[in-house]
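Me: I have a model open and want to learn to read it feature by feature. Where should we begin?

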Amino acid sequence: MARRSAVGRGRDTAVVEETAAPGRALAASADPWDLPERRRRGSGGGSSGGGRWGGSGGRWWVWVGRAVLWALILVILVNGIRAPFERFTADDKPSADGTASKAPKSAGFPSSAAGAFALQFANVYLNFDQKTAPAREAQLRTFLPDGADAQYGWNGVGKMQVQSVQVAGVDARDASNATVTLLARTADRWLRLAVPVYADRSGSLVVSARPALLPPPTKAQLPGDGVQERDTSLETELQPFLGTFFKEYANGNQAALSRFSNGATIAGLAKTVVFVQVKEVVAPKGPEGSRTVTATVVWQPAGGGGGELEQSYQLAMVKKGTTWLVQDIRGTTQPDAS
């Protein structure tokens, strides 16, 4: 130990400097996170501020690292527990309007199969003849539950025949029950028939109750708006152009049709009809370079014996220089277009 003289420092406390023995150097640093200790002795031999200083240094960073590590472990554990829980409860979560987003009760009902089943049933049910009643009875057994009336409500008298039957819709009430609505056509009227169908878990089907005749669909009234402002000058300009275009459209001449199109492929009708005339062109006012017009075309179907049909087409037209070209052609949805 060496002691420095305190002479000339007035009342300053003498500083004692210690040099560690060589054998103690390793022991003193056994804990790599411990800082060297400094001791100060005040005047009079008292001691103050002894021990380690925990306010900074390596040990402080160790505790920060441990805290971050434990936080990361907790986040991983929480997410691992929450993910499967959310999957199990996803169907019960409320939607934006506050209602639970559960699957509808009708989910799982085999609507397509039930529609086809009811269609086959109706073709037997709606056709009867007292001369062939036993044959109808045998055919109905395929569709009816055990113990049901063999003729399913028919008294065995008279005759009825439908020309066609189509499925109009399937109203599934739950996973096992639905009402299949059918439209049938007799010689002079339409019929609407509701057929109740039951489906078991294996997918087997049966007519669960007697059908019911309902009123046929009513005829809708089209809105009377139509085309408010017509561009008569454009209609006159397009009349000869569309006459040539539809003649090639009837033949299906791809090379010729390409001269009338704006790069789009137009297949044509491959001589299934003969072009007669473009009866009317309806063009609303609009932009100079593009317009959607409606054309009424008269065709003679091939093999139709001279019969004619008027049909309406919607054409998207674009103007290149001074020439109008066809961008797209399809059937029209414009009420009273021509």
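**Reading the core, the pocket and the loops**

Reply: Start with one residue and its contacts. Leaving out neighbours within four places in sequence, V195 contacts A118, F121, A178, T179, V180, L182, V207 and P211.

Me: Which core residues touch the most other members?

Reply: In general, nonpolar side chains of soluble globular proteins tend to be buried together. Here the largest nonpolar core has 27 residues, and F121, L182, V195, V197 and V207 touch the most other members. Elements giving two or more residues to this core are α3 (111–125), β5 (164–172), β6 (177–185), β7 and β8 (205–207). Helix α3 supplies the largest share, seven residues. Apart from this core lies another, of 25 residues, including L242, Y249, V273 and V278.

Me: How should I read V180: buried or exposed?

Reply: Compare its relative accessibility with the cut-off: under 20% means buried. V180 is at 0%, so it counts as buried. The residue sits in strand β6. Not counting residues up to four places away in sequence, V180 touches A114, G115, A118, V167, G169, V170, L193, A194, V195 and V197. Check P196 too: V180 and P196 are 16 residues apart in sequence, yet 6.3 Å apart C-alpha to C-alpha.

Me: Now a charged side chain. Why does R136 count as buried?

Reply: Apply the same test. R136 has 5% relative accessibility, under the 20% cut-off, so it counts as buried. R136 belongs to helix α4 (residues 133–140). Beyond residues up to four places away in sequence, R136 touches V124, Y125, N127, F128, Q151 and W154. Take V124 from that list: R136 and V124 are 12 residues apart in sequence and 6.7 Å apart in space, C-alpha to C-alpha.

Me: What is the volume of the second largest pocket, and which residues are closest to its centre?

Reply: The volume is about 160 Å³. The lining has 13 residues, and Y125, L126, F128, M160 and L213 are the closest to the centre. Elements that give two or more residues to this lining are β7 (190–199) and β9 (212–214). By class, the lining holds 11 nonpolar residues, one polar and one charged.

Me: What about backbone angles? Where do Y152 and K271 lie?

Reply: Look for positive phi in residues other than glycine. Y152 has phi near 50 degrees; K271 has phi near 60 degrees. Y152 lies in the loop between α4 and β4 (159–160). K271 is in the loop between α6 (254–258) and β10 (273–282). Y152 is buried, with a relative accessible area of 5%, whereas K271 is exposed, at 60%.

Me: Now the whole protein. How many helices and strands are there?

Reply: The protein has six helices and 13 strands. Buried residues make up 24% of its 338 residues. For contacts between residues at least 6 apart in sequence, 48% join residues at least 24 apart.

Me: Where is confidence lowest, and where highest?

Reply: This is a predicted model. Where pLDDT is low, the predicted coordinates should not be read in detail. Mean pLDDT for the protein is 81, and 74% of residues reach 70 or more. Strand β2 (residues 16–17) is lowest, at a mean of 42, and β8 is highest, at 98. Over residues 1–53 the pLDDT is below 50; this stretch has 29 contacts in the model beyond near neighbours in sequence.

Definitions and conventions. Residues numbered from 1 in each chain as written. Predicted model: local features only at pLDDT ≥ 70, side-chain atom pairs only at ≥ 80, totals over all residues. Heavy atoms only, no water. 1 Å grid on protein atoms, 1.4 Å probe; cavity = no way out; pocket = protein on both sides within 12 Å on 5 of 7 lines; lining within 4 Å. Points joined across faces, edges and corners; volume = space filled by probe spheres on them. Helix = DSSP H or I, 4+ residues; strand = E, 2+ residues; numbered from the N terminus. Nonpolar A, V, L, I, M, F, W, Y, C, P; charged D, E, K, R; others polar. Core = buried A, V, L, I, M, F, W, Y, C linked by side-chain atoms within 4.5 Å. Buried < 20%, exposed > 50% of the residue type's maximum accessible area, 1.4 Å probe, protein only. Contact = heavy atoms within 4.5 Å. pLDDT = per-residue confidence, 0-100.
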